[in-house]
Structures are given as structure tokens and as C-alpha cells.
Amino acid sequence: MNSIILLSVLGLGNLFLGFRRSNRLLLPAAMLMLAVVFGVNFLDWGTTESFFNDMLVVDNFSVAFTGIVVLTALLLLPFSQKYVHDGEANLAEYYSLLLFSLVGAIMMVSYNHLLMLFLGIETLSIAMYVLAGSDKRNLRSNEAALKYFLMGAFATGILLFGMALVYGATGTFVLRDISFAVQNPVNASLTPMLYIGMLLMLIGIGFKVSAAPFHFWTPDVYEGTPTFFAAFMSTVVKTAGFAAFLKLLVQAFPAAAAQGLWLPTLTAMCVLTLLIGNVGAVAQTSIKRMLAYSSVSHAGYLLIGLVAFNGQLEGASANGVFFYSLAYSVATVAAFGVLKLVADARMREDYNGLNGLAKTNPLLAFVLTVAMLSLAGIPLTGGFFGKFFVFSAAVENGYIGLVVFAVVMSMVSIYYYLRPIIAMYMNDPDATTAEPVPVSAFQSAALLLLALLTVVLGVLPGLVSGIL
């Protein structure tokens, strides 16, 4: 709760900093705010407190996932430095919207009441609708914002309709009470209403996390959204969405899983997401669209953790989802950070835009290589242990066939993750890529930190893997 209060107050305070003539104070101020929130968040570790008549619960689960989303935003901010140098007129508003969207993300990982989940999703989504269209002079950005808004509005309506049906069948919005009502139905005639409500909620949240077949917005929206905000969308939104998804299934519908009601649907979504995400990424020529399909495929791997849950928010499944979300977020921020720097300098986002980067900017090439290897799940990177923990939880619960399919899809992903590495190290620079990409010392330090975190997670996974 302290994190929500701080982010809300600091977000408003950041707006007042926008009245200054210079933007130079905004970036360090925003980073200081997030650093303070990150530290304050862990003061709640080891305690369980409820707020607003048990609508919001702060426990180790919420603190852990809040730490991921705040840390991700903090690591991403250095790559907004170009907005400062260019004198972006709306930079204060951008930063404040990011802070407010984090409030929504924290509500999504801390909710104990379906209406609080809805408020969190809307707080996060509305900010992202605005930021997706922040490059108002770019038609692709306008298209991305409109497409994201329209499809997001439909998905929100479906989610809300599902919540209404679940309420009609159980008489409550509280997760534990819903679980009790599912296990002990008072009126058997309301059971079909409950099933339909559960399915509609799966569809609504599936849209938010880019799970197939509700992923169609993802490539176009990522491509049109400014790269900095696309990185935020790909990490913070997905982490909060999966934490909320896991909490919903574990605390509200565990009995429904035992009865085999939503597990087949979720398993089918998982298989479809892995297949479409990986095969779709292979065909892309734009790195940004490849990362969009990569985001879809990683939603599939995270869905394995949901399928393999053990009925509680502490255990192998929850730890797998937590570690995977952290490793994925760090690697994705690094990949989008390098892409933004290269795209700003070379005005292109295709693979050929990376030609010869190892010669002109060895640091950028190294960091992007580490990020690609982590996303591919190569050993000695965080991505390897992320997949290992998720797959292990699935094997323990008997989903061996699903794990075998996921391993095959991981082998497919190696192809498109190696393409940027080949372009950087094996292709010679041409006339458009011969000049070094400008990188500030601040951004270099951020990139080195991201690469270091990725390697540390791959070498010493025990530092964070068992905290839930």
C-alpha cells in the first residue's frame, strides 16, 4: 500500500516539475522516485495486511511482483534520455503516466477483490493507450493507439461481463469466497453461468498478456508504439498480467481446476501461444515485430507455470512464474534499449540495421547478444533457469507432453534470436551503418547493469528463486 500511495503522490508531484523550462531535472527525479518506491516496497516483506475492507492485500507475493515491475521501470528510464536532449514538451506527462500505470500494475498483483482487479487493469491500460499514441506525428503510432484502445475496450468489456456472471453465480467478488462457492455450489442451475463467466475472464486477461488467440493486436501495436513505451508494455504489463492471472486461478478457481473446468482451455491457449509466437517470429524482418512475437511466445512459457500450479501462491509454480518474469523483463529491457539506441541513430528497425554493430559499438553488440541468449534460454543466463523452473514445475505435475512441445518451440526460437547476433558480428557495415551509435555514459552503465543482472540470474539463480 505504501508503494501505491508514494507512486500516486510522486506522479502528481512530477507533473509540477513539468512547469520548469528545462527537462533536465525530470529524468533524475523520476529515477529517484522509483528507487525510493522500490526500497519502501520491501518494508512490507514478511507481513500480511489488508486494505479497503479486504479488497487489497499486501503480502510476500504482491511485494515480490511489485519489486519486479518497479525495478523494470527503473532500469528502463535511462533509455528515455533522448526525450530530455530533444526538449520533449510532454516529458513530465509521459513520466507521470508511467508512474500512474505502475499504480495499476501494483493493484493487479495485490488485489483480493475482482473490482480491485478491474480498477488496476484500467488504471494500467488507460495510461498505455495514451503512451502508445504519444508520437502524434507518426501515423503508425496513431494506428497503434487506436487499435490498442479499441481492442482493449472490447477485451475489458468481455472481462467485466465475465466478472458479472461469476458474481451472479457465487454472490461475491472476494477471491476466497468465490473459491468456497465453487466448491460448495448452493444452486446447481447457476453452474453454467459460472463456467461461462470463468471463460470470459480467461479471454479478457488473455488479451492483456498477449496470449493466443487474443494476441493479434500485439505486433502492430508494438511496431507503432515508440520503442521506449513498447518496452514498458512488453515487460511491466505482462508481469502484472501474469501475476494477476496466477492469483485469480489459484485463489478463486482452484476447485474448478481440480474438476478439469479451465485447465483444458488454458492448456490449449498455452500450446497455441507457443506455436504462433515462435513461428510468427521466424517470419519477421523487423526486430521490433520479432520482439513482439517473442513476447507472445514468452506468454506461452509463462502459461505453463499457470497450468502447473500447485494450488497455492507459494511453491514451484509461483516461484517459476516469478523468476521467469524477472529474467524475461531484464533481458527484454536490454534488447529494447539497444534497439532504441540503434533505431534513433540509424532510423531503421530491421536486421540489416544491426550490420557491423560489433565493430562500431562493441558494448551494444555484447549486451544485445546476452539479451538474445537469455530470451532463447541458453545456459548461464537468467532465461535458462526461468524456463528450467517453469518446466520443472510442469513435469512434477505430470505435464510432460506440454514440456516436450515447449522445448521444441525453444529450439525454433534459437533461429530468430541468433539473427541479430549474426548481423552484428558476421555482416559488414554498409553506408547507413558505418557510423558508431551515440551512447551516453549513463546509458552504457545501464546496459552493463542489465547484462550483469542477466548473467547473475543465470549463474546464481538461488539468490531470488526461492523467495516465494
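**Note on aromatic pairs and a helix contact**

1. Both Tyr83 and Phe229 are buried, that is, under 20% relative accessible area with a 1.4 Å probe, protein chains only. This is a predicted model, in which local features need pLDDT of at least 70 and side-chain atom pairs pLDDT 80 or more, while totals for chains, interfaces and linings use all residues. Residues are numbered from 1 along each chain as its sequence is written, and side-chain values use heavy atoms, without hydrogens and water.

2. The structure holds 25 aromatic pairs; rings of Phe, Tyr and Trp (its six-membered ring) pair if their centres lie within 6.5 Å. The ring centres of Phe61 and Phe65 are 4.8 Å apart and the planes stand at 50°, so this pair is tilted, a term for planes that are neither under 30 degrees apart (stacked) nor over 60 (edge-to-face). Both residues belong to helix H3 (residues 60-76), four residues apart, about one turn of the helix. Helices are DSSP runs (H or I) of at least four residues, numbered from the N terminus. Phe61 and Phe65 are both buried.

3. Tyr83 and Phe229 form a stacked pair, with 6.1 Å from centre to centre and 15° between the planes. This pair links distant parts of the chain: Tyr83 lies in helix H4 (residues 81-85) and Phe229 in helix H11, 146 residues apart.

4. Ser413, in helix H19 (residues 400-426), is buried, with a relative accessible area of 1%. Leaving aside residues up to four places away in sequence, Ser413 touches Asn278, Ala376 and Lys387, where contact means heavy atoms within 4.5 Å.

Key:
Helices (H or I, at least four residues) and strands (E, at least two) are DSSP runs, numbered from the N terminus. Buried means under 20% relative accessible area, exposed over 50%, partly exposed in between (1.4 Å probe, protein chains only).
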